[in-house]
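Dear colleague,

Please find below the structure that I am handing over to you. My notes on what was found in it follow.

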Amino acid sequence: MKLTTALSALALLVAAPTAFAADVPEGTVLSENQTYTFWLLDAIKSMDPQINTDVEGSDVLRNLFEGLYNEDAKGALVPAVALNHDLSEDGLTYTFHLRPEAVWSDGKPVTAGDFVYAWRRLADPETASEYAWYMELMQVKNAAKVTAGEVPPSELGVKAIDDHTLEVTIETPLPYFPQMLVHASTFPARQDVIEKFGSDWTKPENMVTNGAYTLTEHILGERVEMDKSDTYWDADKTVMTHLTGLTVNDLNQALTRYLAGELDRVNIPAGQYPRLKKEYPDEATSLPYSCSYIYMMNLSDKGPEALKDVRVRKALSYAMNRDVVVNNILQGGQHPAYSWTHWATAGFEMPEIDYASWTQEERNEKAKELLAEAGYGPDNPLDLTLNYNTSDDHKKIAIAAQQFYRPLGINLTLNNMEWKVHTDKMQSQDFDLARYAWCGDYNEASTYLDLFTSYSGHNSGKFYNEEYDALMKESKTAEDPQHLYTQAEQILAEEMPAVPIYHYAKVDMISSDIKGLPTENVMQTWYGKDLYRVAE
């Protein structure tokens, strides 16, 4: 689906599907056991929609809360709290019409005011959300001034016309704006609950949610338990009665637990997909997944002096043997990455990146030349440390990187840590190189490219380039931004603030009796309410 900036009509409505929750084919025999247990690699840092930054946290929050729109199995928008919306002729004012039957888990109605509060809270500097910048990306009026503390959150371009009518004013027409509303940071929140309990509002005994499930237990780093919500507006069509997220840091152990029947879905460890596909053809799956895996470089004042030299940065990228990573280590349908944006992103045209067409031998020779010019080599080694979060797959890639770099005179020390420590160090620029992955917040190239802007909340390496910023700002008003995206990717290839390594595939073992998971949505966005278990 290619996106354009053309405004085709005064009213843009999201068409209602035939079924909102689990669409069970006629004649299907359902299992008596309607529970779903899925794997989590790391502890969920926060259950607060406006604070969470993790993909796994979003998977949980998408079941506890519901925003204006959801995605169907192919990634198209479907009504959630909003039934539809109108768009003004100038493309700047969205008016969302909320369903009157949407209520919170305590029975109170979900109102437009709950969205106003949540969005203001997200942008408010006092909240200190890493996703405050998302309001700016959405072009919500005054978002940049609010996040900068120049005007109060009340000046944000969002207001409640009445309890069931939400008006959002943006600063420039943005054709993919509705798609951005599936992100967890835009979900509603209850002001009275948060003000009453403070940071404890996300504890199961205090939490009030509006999604298809309620939080019944959260043991940090161990498990998340969710029960079907009887107050959810589409509860009658929700088949799954209970969801469990189990945290298992060791992926091989998680696979063992899957094979023992303790998990219904788990990522396949690196290198094991070919074998498992032969042994379990109905359970082993590999699908395109909008995430990119990189080694971020710390270009801030706290980073290594060597990384200020673009020749060193390019050498690190050139010497990364992506074919070995993808074909020998991962073996799950991933693609080698020479650019940042995932290849399957809607409307994205992969740019011509010169070193992508070279042989690995040519890349290695060029890397040696650049390092020598910068004053490094076997006789004057470059010492760097790579931080990565706990995962056997990350460890394997890191060890391979050590081997790729050693002949060039680069000594790479590996530093493993748990996820929270890893991300905290990245946010405080306490690293040399850091393993990082970004999964798209919506299916459009800007979700990747905006990350390396100076105003990004996730530009942990502190890469700043005025031309890059200008291109991304211009893309917001361009009739067709693709050529600007191409130029932005070329700047990243020239400046190399990160080492792109591979584009993800979703490589999973999924119980054959679990139905309703998406297979044609590159975002791999799933909702427990869409799932059901068939009788075996």
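**The surroundings of Ser 229**

The side chains of Ser 229 and Thr 231 are joined by a polar contact of 3.0 Å. Please bear in mind that this is a predicted model.

Ser 229 lies in the loop between two strands, β9 (223–228) and β10 (242–247). Is Ser 229 buried or exposed? Its relative accessible area is 4%, and because buried means under 20%, Ser 229 counts as buried. Leaving aside residues up to four places away in sequence, Ser 229 touches Gly 211, Ala 212, Tyr 213, Thr 214 and Ala 235.

**The four-stranded sheet**

Another part of the model to examine is an open sheet of four strands, paired antiparallel in the order β4-β5-β7-β6. Which strands form its edges? They are β4 (82–87) and β6 (158–162), each of which pairs on one side only. From one strand to the next, the twist averages 25 degrees.

The pairing of β6 can be followed on the structure. Strand β6 runs antiparallel to β7 (residues 165–169), and four bridges join the two. Within this pairing, Asp 162 stands opposite Thr 165 in β7.

A helix also belongs to this picture. Helix α2 (residues 112–123) packs on the sheet, where it touches β5 (93–98), β6 and β7. The direction of helix α2 makes about 170 degrees with that of β6.

Yours sincerely,
A colleague

Note on methods:
Residues numbered from 1 in each chain as written. Predicted model: local features only at pLDDT ≥ 70, side-chain atom pairs only at ≥ 80, totals over all residues. Heavy atoms only, no water. Pairing = 2+ DSSP bridges. Axes fitted to C-alpha atoms, helices over the stretch in contact; angles between N-to-C directions. Contact = heavy atoms within 4.5 Å. Buried < 20%, exposed > 50% of the residue type's maximum accessible area, 1.4 Å probe, protein only. Polar contact = N/O pair within 3.5 Å; in protein donor to acceptor, adjacent residues only side chain to side chain.
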